[in-house]
Amino acid sequence: MKIIGITQARIGSSRLPGKVLLTVNGKTLLEYHLERAKKSKLVNQWLVATTQEEGAEAICDIATQLGIGSYRGSLEDVLDRFYQSVKDEGPDYVVRITSDCPLIDAGLIDQTIQFCLDNQLDYHSNQSQEAYPDGLDVEVFSFKALSEAWHSATAIADREHVTPFIRRNARTKVANEGIDKKYASLRITVDEPSDFVLIRHLIEHLGADLPWKPYADYIVQHQDIQNINYTIFRNEGYMKSKFNEIQLRNITNFQASDEYRKTIHNLIPGGGHTYSKGDDQFPVLSPAAIVRGKGSHLWDVDGNEFLDCSMGLTSVSLGHAYEPVLEAVRKELENGVNFQRPSALEKEMAEEFLALVPGHDMVKFSKNGSIVTTAAVKLARAKTGRNLVAFPGDHPFYSYDDWFIGSTACNKGVPDDVSKLSVTFQSFNIESLKELFAKYPNQIACVITEPEKGNYPHLNNPDFNAGTFLQEAIDLCHANGALFIADEMVTGFKTDFPGSITKYGLKPDMATWGKGIANGFSFCALTGTKEIMELGGITREGEEKVFLISTTHGGETHGLAAAIATIKEYREKDVIAHNHSIGKKLAELCQQLVTESGLADSIEVVPAEWMPFFVFKDASGIASQGYRTLFMQEMIKRGVLFQGAFVPCFSHTEDDVYYFAKAFSESLPVYKEALAQGFEKFLVGEPAKAVFRKTL
């Protein structure tokens, strides 16, 4: 096996010219870099790929002094430079590192190579899990993949940055090395003067011969050192290259949508079957209805194309019209969808799903989430003999049934006596929950809550851990004779596979599941322990019957087939890692753009990798529906169907992320003007309204 390592180096740099020749303790950064790289045990030969720039001979001289060959090639076409430097050497694999990483770690180089070889991959990077500091990046790819990229890649960004084309087209796999993600925001690289200050400090204080982790830990332990270059963002050059090649759509025609809006409210109350899809949730200049979706894109009744951000209100986890799921559904449709007795597929699905949820013994299916959350509440009341149900008062939605809706501003039609059976606490605040149990002793049947949120600003505690709270809440419930229900409707198949309770190793009494399980097909589930779930069964003769869930369509075969196929994709393709990578990248890019625009006080980027979202504020720093709606309008105009959050799916690509980011960047100047003059001068129509409001 012949493995050649290539490091790219150049003299010119817009931010820090001649950076690789800067010295610390009389030695250039390039020398530190090459000496550390040469300690790799798996790389047979190293090369330096530099440019034809004036002064680049100094780079070649350093390489020669260290017994390393060099090649001078194209300045702009770095892919060609890499290919030409190694094409005559006949390697099986190529390792790519960059010379602006003076403390590159040979152990990580070998670890990355070994993972690629062991899994017979065409491409692998130690940044696949996005946990290492910037400055330790290692990429390994087959020469075949490099050759294919060199012959086929035409986009400017693909030629300037070597591996984007390979990453998109090669078989790869995410490594799970268990690296603490606190390191991911660190910079041990040299792009700007402040980076050099930090690197110089590390070498002068710790030496240049340590593995990567002591350097990273030192930075973490010394906040003043971390602050030296903390505001610099990763891969800025690549972002600019992508922006240059992206042509944004300019969508102004909503004629068919306007006609649709004129009639739909006379046919369907609310204009649709989910209030959050209603016309009052979007700006006037927006699509009224969608005709079709494919992958991560949608087309409306006017034929306009949009990048989809909400993915069917978070239910589409793989992508619209995702072929492996469609294939399973088509096959099952030939067998019929509903019968007088249960489908044989129900047993297969029950076994399949319960295998994902350790500690839960039984499952019940339904077609929507409200049914299973209400069923869980009913079981809790039946088990405990109590009436009160507790949930966070600051969570947007649990069910359309009276036990929840009666606690909202939209409580018309719900008897007061029913509303009084629901009590609330502050989400993820264990003290608030303790106070609730003290206020209603021996009266609370259950606590139901979603297990994670994107952020927890109301707690004012940067060290808050959702897993710790959840375990404390479960223990508190049991100590007070109540049950704990984890509502994984949104978090399931997003925070982890299958959800947060397995992520944190928890055992709630019951859990509710739905969005994402069947990639948009109607399938929801309630899981729980046998002791509780069996109350809704028919085998315990002599006991009083609990009428749990009884739905004609709950076991429709095409929904079950879609769910089984979706689970199969998750198992085989590490969907969670892909989706988290997409969400993390999008949040990072948008935060960079917000900071550079000077709007950090007005637009908050919440970087939840499973679902990043944005808070839009007025000039006084208060969250504003008017400014949020304006930003929605501007993103929609540029071909992004946006409501304030981004739900990553398996069909979202890096190109989608950069498209979103460019649309985001071009919407920021409008937002800045609106802050000075008022959103009313820029927004067509009225702001979007809250779903849960007292009056229309």
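Visitor: Why does Tyr-83 count as buried?

Guide: Tyr-83 has a relative accessibility of 10%, and buried means under 20% relative accessible area, with exposed over 50% and partly exposed in between (1.4 Å probe, protein chains only); Tyr-83 is therefore buried. Phe-143, with a relative accessible area of 17%, is buried as well. This is a predicted model, in which local features need pLDDT of at least 70 and side-chain atom pairs count only at pLDDT 80 or more, whereas totals for chains, interfaces and linings use all residues. Residues are numbered from 1 along each chain as its sequence is written, and side-chain values use heavy atoms, with hydrogens and water left out.

Visitor: How many aromatic pairs does the structure hold, and what makes the pair of Tyr-83 and Phe-143 stacked?

Guide: There are 37 aromatic pairs in the structure. The ring centres of Tyr-83 and Phe-143 are 5.9 Å apart and the planes stand at 10 degrees, so this pair is stacked. By definition, rings of Phe, Tyr and Trp (its six-membered ring) pair if their centres lie within 6.5 Å; planes under 30 degrees apart count as stacked, over 60 as edge-to-face and the rest as tilted.

Visitor: Which parts does the pair of Tyr-83 and Phe-143 tie together?

Guide: Tyr-83 belongs to helix H3 (residues 78–86) and Phe-143 to helix H5 (residues 143–152), so the pair ties together parts that are 60 residues apart in sequence. Helices (H or I, at least four residues) and strands (E, at least two) are DSSP runs, numbered from the N terminus.

Visitor: What is the angle between the planes of Phe-464 and Phe-469?

Guide: The angle is 45 degrees, with 6.5 Å from centre to centre, and this aromatic pair is tilted. Phe-469 is buried, at a relative accessible area of 4%.

Visitor: How do you know that H23 is roughly parallel to H25?

Guide: Helix H23 (residues 575–596) packs with helix H25 (residues 654–677) at an angle of about 25 degrees, and their axes are 10 Å apart. That makes H23 roughly parallel to H25, since angles under 35 degrees count as roughly parallel, over 145 as roughly antiparallel, 65 to 115 as roughly perpendicular and the rest as oblique. Axes here are lines fitted to C-alpha atoms, for helices over the stretch in contact, and angles run from 0 to 180 degrees between N-to-C directions.

Visitor: Which residues of H23 and H25 meet?

Guide: Those in H23 include Leu-586, Leu-589 and Leu-593, and those in H25 include Phe-660, Ala-661 and Phe-664. Contact means heavy atoms within 4.5 Å. Phe-660 and Phe-664 also belong to a cluster linked by ring pairs, with Phe-614 and Tyr-671 among the other members.

Visitor: Where does Thr-163 lie, and is it buried or exposed?

Guide: Thr-163 lies in the loop between helix H6 (156–160) and helix H7 (164–169). Its relative accessible area is 1%, and Thr-163 is therefore buried. Thr-163 touches Arg-96, Tyr-123, Glu-139 and Phe-141, not counting residues up to four places away in sequence.

Visitor: What is the phi of Phe-428, and why does Phe-428 count as buried?

Guide: Phi of Phe-428 is near 60 degrees, a positive value in a residue other than glycine. Phe-428 sits in the loop between strand S14 (422–425) and helix H18 (430–439). At 3% relative accessibility, Phe-428 counts as buried.
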